[in-house]
Amino acid sequence: MAGIESTELLFGRMRFSGRWRDYQQRVLDEHETHFTDDRLHLVAAPGSGKTVLGLELVRRLGRRTIVLAPTRIIRDQWSQRLVPLFMAEPPVEGCLSSDLEAPAILTAATYQALHAIWASEGEARFRTLCEVLRASGPVTLVFDEAHHLRREWWNALQALTDALPDARIVALTATPPYDAALAEWVRYEAMCGPIDLEIGAPELVRRGDLCPHGDHVFFSTPDTEALDLLENRRRAIATLLQEMRTDTDLLDAIERHPWLTEPLAYVEQILDAPEIVSAMLVHLAASGRRLPAPPLDLLGIRARDVPPQNPFWLETLLNAMLFHTPDMFAAAGDRLHRLLTALHEHGLIEGGTVRLGETRRIFALMAGSRAKLDSIAAIAEAEAANLGGALRMLILSDHVRGAELDRALHPDYAPAKLGVVPIFATLRRLALRGQQVGVLTGTLILIPAAAARALHAIGERQGIAASDLPLSALPGCDGYLRLIPLGKGADKSVAMMTALFCEGHVTILVGTQALLGEGWDAPAINSLILASNSAAFMLSNQMRGRAIRIDPSDPGKVANIWHLATIDPRPDSAAETWGEHFNWGRIAEGDAITSDLDLLERRFRAFEGIAHSDSAAIESGVRRLDLQPWSGVEACNAKTLARACDRPAIAECWRRSLGDADARAHVRETAAPNYSPQRLASADTLHWLGASALSSGAFAAALELRSITSAGIAMTGIALSGAVTVAMLPKLLLAARLWLRNGSLERSLGQVGLAVLGGMHAAGALSDIDHEAASLRIAHDAAGRVELAVDGLSRADERLVMEALAELLGPVQNPRYLLERRGWLGPVARRDYHAVPTVIARRKESAEAFHRLWKTYVGSSRLVFTRTADGRLILLRARAKSFAAGFQRRVERRSAWL
């Protein structure tokens, strides 16, 4: 009883002084049902009040509580929210602690602190912690920003939960690791439990818990150094390609490659890298050579199916000749050595791989381009002119560049790279009227001299002596002071700078994403510039979350989030040949980020927003911004600035888009393929219709023959043609029914979705809800493309369904089972292939059940097991068809508010 009485010192005196939001009240009303597995897992966007809800949950549970957070800022929010939201006065001594080795009723610490105790020598400290917690009775463990559980302190957390089997776990996060590998997701869900409730940003905007906001991309062109590098690379690639196309000996050596002369003897090797065969055929065709028949026959393609040459195919060929299979190009002799030397000279090899597109070196040069400083200045100028003294701009960068501070104070300062100090120097020189610039990082704090008195007043309110807030002048930088806080001032420096910013003594704050990108709370922010090169799913969403919180002092707040990108302005660059200028959606998770465009594409997957078009769609992905920088960077930027400065229009766009959605709409996974199986269904219908017409014609002709020939011959013809007509009738009816059902992309995609949903259910892959409760929804995204969503499933199951659809309708890789579809277009036989999704293909019975569903919903096909000799050959043809199609088959996945 002593333990219960001690918790009453805190929890018995806590009472929430505000009003619960409806989703918060729903969690509280149902929290006991969520704890059937001793876990409650809540996903909600930044600014949704997760910390306050967590405090109420631990109060109701009434147990001693350990809160673990990723940073000290987030850790400290638990005590900061406690007073005054739950208590008018601070609790008595012994109720709160931030030291795991001296736990109190409510102990808030960091994951790093737990890991340090667990990893200490001898494990004595960790055993002592567990013994103390067990002795106090059952505990509550709160994992704040639970997505950080993917990191190295996972083992420490697992050891803690194993040592406390009676613990109840509350997991709170804004960004679950949806982009993690399946095994990692399973581990995450095992620790936190399945997601009990998920609230997306669009829903919170509709409820008024987050403010309307717009995402904007401001483009810049590289400086002379980068442009010269790009131009030299372009010339080198063009020269190299021309030499390779006219090098007779090299072309002869490629023609003598054993994969082209004896492909049947190398099926397994070709299957491991079919793109190499395609690259050789592409180069021979581009050089005017006649393509050899054996590889075409093996791959089941024609010469006209071979795509035109582009940097991808040339890069693939060079890597094969120089690194992957050099022994098979031995006939090229010294030419390979000369090629290697030339590629090194022009910087076209990186990490032991030929790279003809943008490399990490170019990305580093472009991403840290000084041109982005001009972009920041232009944005700040426009926002200051629009909002005046009401501007509260936050600029986040990856690096401080503190060593450049002394140089930054001189008039002739020319920064080498992007960073906090260069940004500060640029804005200081810009001298925007009515704006005050400040710097807040872990190692450098700068404030306007005019804010010194306000800083000391804020410190006095928080019980911090002026001596703990020493300010020093910056030589050569009139009007600015440097703060090197001491004692309590050091502990409260972030809070005091936040107050200076929110009160308007600092209107433009420059800091690092490491300190301010997650957990920092300044509701006044109405303009955010992400001068960070982070493309991580979670960090991107967290950084944006700083700006979209509502501001009680500004009920009409509308926030702008600015993303920066430096691009090659010349559309004849290599990037164009990979797609139409840039193929948004081509960067897969795990792919290397080698350009700002890659970074934008990856970053925009992390959050949903309004479209810059007439569409009312709210979805993730960068396509919704309708970016066209190659039509002219200056014109594109001018259009973006005009849109961003019209904040009432942004708010109206949110109102219109939210109003078009169902009352119970929420964020869900969607898939938008550019391909569906309808083409062969239509061809099958025409095939059987033609055959039926021929048999009916034969029947009519036999009837006419009765008058001019013997009755026996005529009757035989009538009987045969009639039998054929009757026999074909079911297939004609089936083909016609499938054609009517799959006659459009929307209907065809819906039928494919039904087959996948049923197949996954048969395979036992849908975890928590009977698949009969699920329903398919066909919608259109901001670009007008057809996309598929599933209602009635958890977000985790939605993710599995969309992965299966992407695998089925995307390029064939190396599946265990294939669907082979055959059709006819006139006299020409056509074949198409689909991978049976991995989640279904693990067992033969599941694959066969899916095949039956496919035939019912979509059309005729043959199920092929690819682990036999014949199956491997068919798989090779399927993969080759994907390459011959030039990677045109794509399935873009996103999240949308539906």
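In the predicted model, Asp38 is partly exposed, with a relative accessible area of 28%. Its partner in a salt bridge is Arg168, and the N to O distance between the two side chains is 3.4 Å. The pair connects distant parts of the chain, since Asp38 lies in the loop between α2 and β1 whereas Arg168 belongs to strand β6, 130 residues apart. Arg168 has a relative accessibility of 16% and therefore counts as buried, the limit being under 20%.

Strands β1 and β6 are themselves neighbours. Strand β1 (residues 39-44) and strand β6 (residues 168-173) run parallel and are joined by 5 bridges. Within this pairing, His41 has Ala171 of β6 as its bridge partner. Helix α3 (residues 50-61) packs on the sheet, where it touches β1, β2 (64-69), β4 (106-110), β5 (139-144) and β6. The direction of helix α3 makes about 170° with that of β6. The sheet is open and consists of 7 strands with parallel pairing, in the order β3-β4-β2-β5-β6-β1-β7. Its edges are formed by β3 (96-97) and β7 (197-199), each of which pairs on one side only.

Side chains of opposite charge can pair when their charged atoms come close. In this structure there are 36 salt bridges. One of them joins Arg207 to Asp22, with the closest N and O atoms 3.2 Å apart.

Arg647 counts as buried at 9% relative accessibility, and Glu383 is buried with a relative accessible area of 0%. Elsewhere, salt bridges with shared partners join Glu231, Arg234, Arg235 and Asp568 into one network.

The buried residues of α29 are Arg647, Ile650, Cys653, Trp654, Ser657 and Leu658. Seen down the helix axis, the buried residues of α29 fall within an arc of 120°, so they line one face of the helix. The face turned away from this buried side carries the exposed residues Pro648, Arg655 and Gly659. An α-helix has 3.6 residues a turn, so residues three or four places apart point the same way.

Strand β21 (residues 667-673) presents another arrangement. Because 7 of its 7 residues are buried, β21 is largely enclosed by the rest of the structure. In a regular strand the side chains alternate between the two faces of the sheet. In β21, Val667, Glu669, Ala671 and Pro673 point one way, while Arg668, Thr670 and Ala672 point the other way, and all are buried. Strand β21 pairs with strand β27 (residues 891-897) in the antiparallel sense over 7 bridges, and 2 bridges join β21 to strand β23 (residues 786-791), also antiparallel. Thr670 takes part in both pairings: its bridge partner in β27 is Arg894, and in β23 Thr670 stands opposite Ala789.

Key: Residues are numbered from 1 along each chain as its sequence is written. This is a predicted model: local features need pLDDT of at least 70, side-chain atom pairs count only at pLDDT 80 or more; totals for chains, interfaces and linings use all residues. Side-chain values use heavy atoms; hydrogens and water are left out. Two strands pair if DSSP finds at least two bridges between them. Helices (H or I, at least four residues) and strands (E, at least two) are DSSP runs, numbered from the N terminus. Contact means heavy atoms within 4.5 Å. Axes are lines fitted to C-alpha atoms, for helices over the stretch in contact, and angles run from 0 to 180 degrees between N-to-C directions. A salt bridge is a side-chain nitrogen of Lys or Arg within 4 Å of a carboxyl oxygen of Asp or Glu. Buried means under 20% relative accessible area, exposed over 50%, partly exposed in between (1.4 Å probe, protein chains only). The arc is that of the directions from the helix axis to the C-beta atoms.
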